[in-house]
Amino acid sequence: MKRVLFIICITLFLTNANAISPDFIKKMSYETEYEKALSKAKKENKNIMMVVSQQSCPWCRKMEKQTLEKKPIDKLIKKSFIPLLVDKDSNSFPKKFEAKLFPTTIFIDAKNETEITKVLGYKDKIEFKAILEEVTK
């Protein structure tokens with residue numbers, strides 16, 4: 001019985017440790033609702049960079065901390081995009097887009113709400129910088 005309780009506690013701890021961090025969202029000023037990000041993007045004449053995540057995705061947390069939080073990357077993102085972070089299993093994920101691997105980063109043209117490009121999986125800061133530079137050309 002103790003063993004079962006221990007396993008349940010560890011599982012709950014690991015699941016919560018991987019949850020999308022409200023601190024990350026607040027610190028980075030990412031939008032969390034597609035419609036709000038879309039409205040802001042149209043107003044500022046920018047496109048949307050939507051990072052699709054899942055609660056139990058350790059690679060998502062790694063990308064948040066080791067890529068998206070880095071100042072040079074953050075600066076590049078916010079120069080050209082409205083950053084949006086959504087959980088695939090939440091109501092804020094727009095069903096018109098598809099994500100099956102996590103994290104998935106979808107660059108969206110705000111004018112016609114179409115996908116510019118989709119990037120699958122974790123990318124380190126060097127890879128992600130190259131992607132940002134390519135998408136903004």
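## Buried contacts and backbone features of a predicted model

Both F81 and F107 are buried. The model discussed here is predicted.

Q: What kind of aromatic pair do F81 and F107 form: stacked, tilted or edge-to-face?
A: A search of the whole structure finds 3 aromatic pairs, and one of them joins F81 and F107, with 5.1 Å centre to centre and 55 degrees between the planes. Planes under 30 degrees apart would count as stacked and those over 60 as edge-to-face, with the rest tilted. The pair of F81 and F107 is therefore classed as tilted.

Q: How many residues apart in sequence are the parts that the pair of F81 and F107 ties together?
A: F81 lies in strand β2, which covers residues 81-87, whereas F107 belongs to strand β3. The pair therefore ties together parts whose separation in sequence is 26 residues.

Q: In which sense do β3 and β4 pair, parallel or antiparallel?
A: Strand β3 spans residues 104-109 and strand β4 spans residues 114-120. Over 6 bridges, the sense of the pairing is antiparallel.

Q: Which residue in the hairpin of β3 and β4 takes a positive phi?
A: The hairpin has 4 residues between the strands. The residue in question is found in the loop between β3 and β4 and is partly exposed, with a relative accessible area of 23%. It is not a glycine, yet its phi is about 55 degrees; the residue is E113.

Q: Is N45 buried or exposed?
A: N45 lies in the loop between α3 and β1, and has a positive phi of about 55 degrees although it is not a glycine. Its relative accessibility is 59%, and the cut-off for this class is over 50%. N45 therefore counts as exposed.

Q: What is the handedness of the disulfide of C57 and C60?
A: A search of the whole structure finds 1 disulfide, which joins C57 to C60 with an S to S distance of 2.3 Å. Both of these cysteines, C57 and C60, are buried. The torsion about their S-S bond is about 85 degrees, so the disulfide is right-handed.

Q: Which peptide bond is cis?
A: The proline concerned, P103, has its place in the loop between β2 and β3. Omega is near -5 degrees for the cis bond, which runs from F102 to P103.

Q: What distance separates the C-alpha atoms of S39 and A110?
A: S39 is found in helix α3, residues 34-44, and is partly exposed, with a relative accessible area of 47%. Along the chain, S39 and A110 are 71 residues apart.

Q: Over the ring of which residue does the charged end of K62 sit?
A: The charged end of K62 is 5.0 Å from the centre of the ring. The cut-off for this distance is within 6 Å. The ring belongs to Y122.

Q: What share of the contacts between residues at least 6 apart in sequence joins residues at least 24 apart?
A: The protein chain has 6 helices and 4 strands, running α-α-α-β-α-α-β-β-β-α from the N terminus. Of its 137 residues, 39% count as buried. Among the contacts in question, the share joining residues at least 24 apart is 71%.

Conventions. Residues are numbered from 1 along each chain as its sequence is written. This is a predicted model: local features need pLDDT of at least 70, side-chain atom pairs count only at pLDDT 80 or more; totals for chains, interfaces and linings use all residues. Side-chain values use heavy atoms; hydrogens and water are left out. Two strands pair if DSSP finds at least two bridges between them. Helices (H or I, at least four residues) and strands (E, at least two) are DSSP runs, numbered from the N terminus. A disulfide is a pair of cysteine sulfur atoms within 2.5 Å. Buried means under 20% relative accessible area, exposed over 50%, partly exposed in between (1.4 Å probe, protein chains only). Rings of Phe, Tyr and Trp (its six-membered ring) pair if their centres lie within 6.5 Å; planes under 30 degrees apart count as stacked, over 60 as edge-to-face and the rest as tilted. A charge sits over a ring if NZ of Lys or CZ of Arg is within 6 Å of the ring centre and within 35 degrees of the ring normal. Contact means heavy atoms within 4.5 Å.
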